[in-house]
Amino acid sequence: MRLTDSAIIKQGERELFDNILAELDWEVVDAVIKEKHGLEVEEDVSFRAGDLVVADGQVAYKLEFEVKLNLSILIDREGNYLSLKASTSKHTDTQESPDSEAEPRQQEDIGSEKGEGS
């Protein structure tokens, strides 16, 4: 037995999440992301979905976002992990502590080791 139109409920939910997003303090969100993950989020963020959930015995709002992330993994010639860099913009990089402080080689150095140098 239906008591109301589901489209009305969905429209009300969309409006609720639109209002929450409009008032979201992005400076605080950025600070939390930087503290928890060491990343700075800029303009590559889009809202994906919202939901009502129960957290710690109370009603909460789950907001899901999609964030573009650039990922660079450094491995040695034997396939061993050296480091990982992740960034959300071209200007800001964060790096996990590498197992070894390896500097990337110049392209000409790689070619010369194969006997293809100048």
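How many aromatic pairs does a search of the whole structure find? The search finds 3 aromatic pairs, where rings of Phe, Tyr and Trp (its six-membered ring) pair if their centres lie within 6.5 Å, and planes under 30 degrees apart count as stacked, over 60 as edge-to-face and the rest as tilted. The model is predicted, so local features need pLDDT of at least 70 and side-chain atom pairs count only at pLDDT 80 or more, while totals for chains, interfaces and linings use all residues. Residues are numbered from 1 along each chain as its sequence is written, and side-chain values use heavy atoms, with hydrogens and water left out.

**The whole chain**

Display the protein as a cartoon. It has 3 helices and 5 strands, in the order α-α-β-β-β-β-β-α from the N terminus on; helices (H or I, at least four residues) and strands (E, at least two) are DSSP runs, numbered from the N terminus. Of the 118 residues in the protein, 10% are buried, where buried means under 20% relative accessible area, exposed over 50%, and partly exposed in between (1.4 Å probe, protein chains only). The accessible surface amounts to about 10000 Å², with 48% of it belonging to carbon and sulfur atoms; areas come from the Shrake-Rupley method with a 1.4 Å probe, and for residues only the protein chains shown count as cover.

Select D5 and A7. At the start of α1, a side-chain oxygen of D5 comes within 3.2 Å of the backbone nitrogen of A7.

Next, select F17 and Y61. Among the aromatic pairs of the structure, counted as 3 in total, this one is edge-to-face because the ring centres are 6.2 Å apart and the planes stand at 85°. F17 belongs to helix α1 (residues 6–22) and Y61 to strand β2 (residues 58–67), so the pair ties together parts that are 44 residues apart in sequence. F17 counts as buried at 7% relative accessibility, whereas Y61 counts as partly exposed at 43%.

**W26 and its partners**

Now select W26 and F65. These residues form an edge-to-face aromatic pair, 5.4 Å centre to centre with 80° between the planes. The pair links distant parts of the chain, with W26 in helix α2 (residues 26–37) and F65 in strand β2, 39 residues apart. W26 is partly exposed, at a relative accessible area of 34%, and F65 is partly exposed at 29%.

Which residue caps the N-terminal end of α2? The cap is D25, with a side-chain oxygen 3.1 Å from the backbone nitrogen of E27. The 12 residues of α2 should span 16 Å, in agreement with the 16 Å between its end C-alpha atoms. After α2 comes G38, whose phi is positive, near 70°.

**The β1–β2 hairpin**

Select residues 45–55 and 58–67. Strand β1 (residues 45–55) and β2 pair in the antiparallel sense over 10 bridges; two strands pair if DSSP finds at least two bridges between them. They form a hairpin with 2 residues between the strands. In the loop between β1 and β2 lies D56, a residue other than glycine with a positive phi near 55°. D56 is exposed, with a relative accessible area of 82%.

Move to V45, in strand β1. V45 stands opposite V67 in β2; the two are 22 residues apart in sequence and 4.7 Å apart in space, C-alpha to C-alpha. Leaving aside neighbours within four places in sequence, V45 is in contact (heavy atoms within 4.5 Å) with W26, F65, E66 and V67. V45 is partly exposed, at 24% relative accessible area.

**The β3–β4 hairpin**

Finally, select residues 70–75 and 81–87. Strand β3 (residues 70–75) and strand β4 (residues 81–87) pair in the antiparallel sense over 6 bridges. The bridge partner of N70 in β4 is S87. This hairpin has 5 residues between the strands, and G79 takes a positive phi near 90°.

Notes: Expected span 1.5 Å × (residues − 1). Polar contact = N/O pair within 3.5 Å; in protein donor to acceptor, adjacent residues only side chain to side chain.
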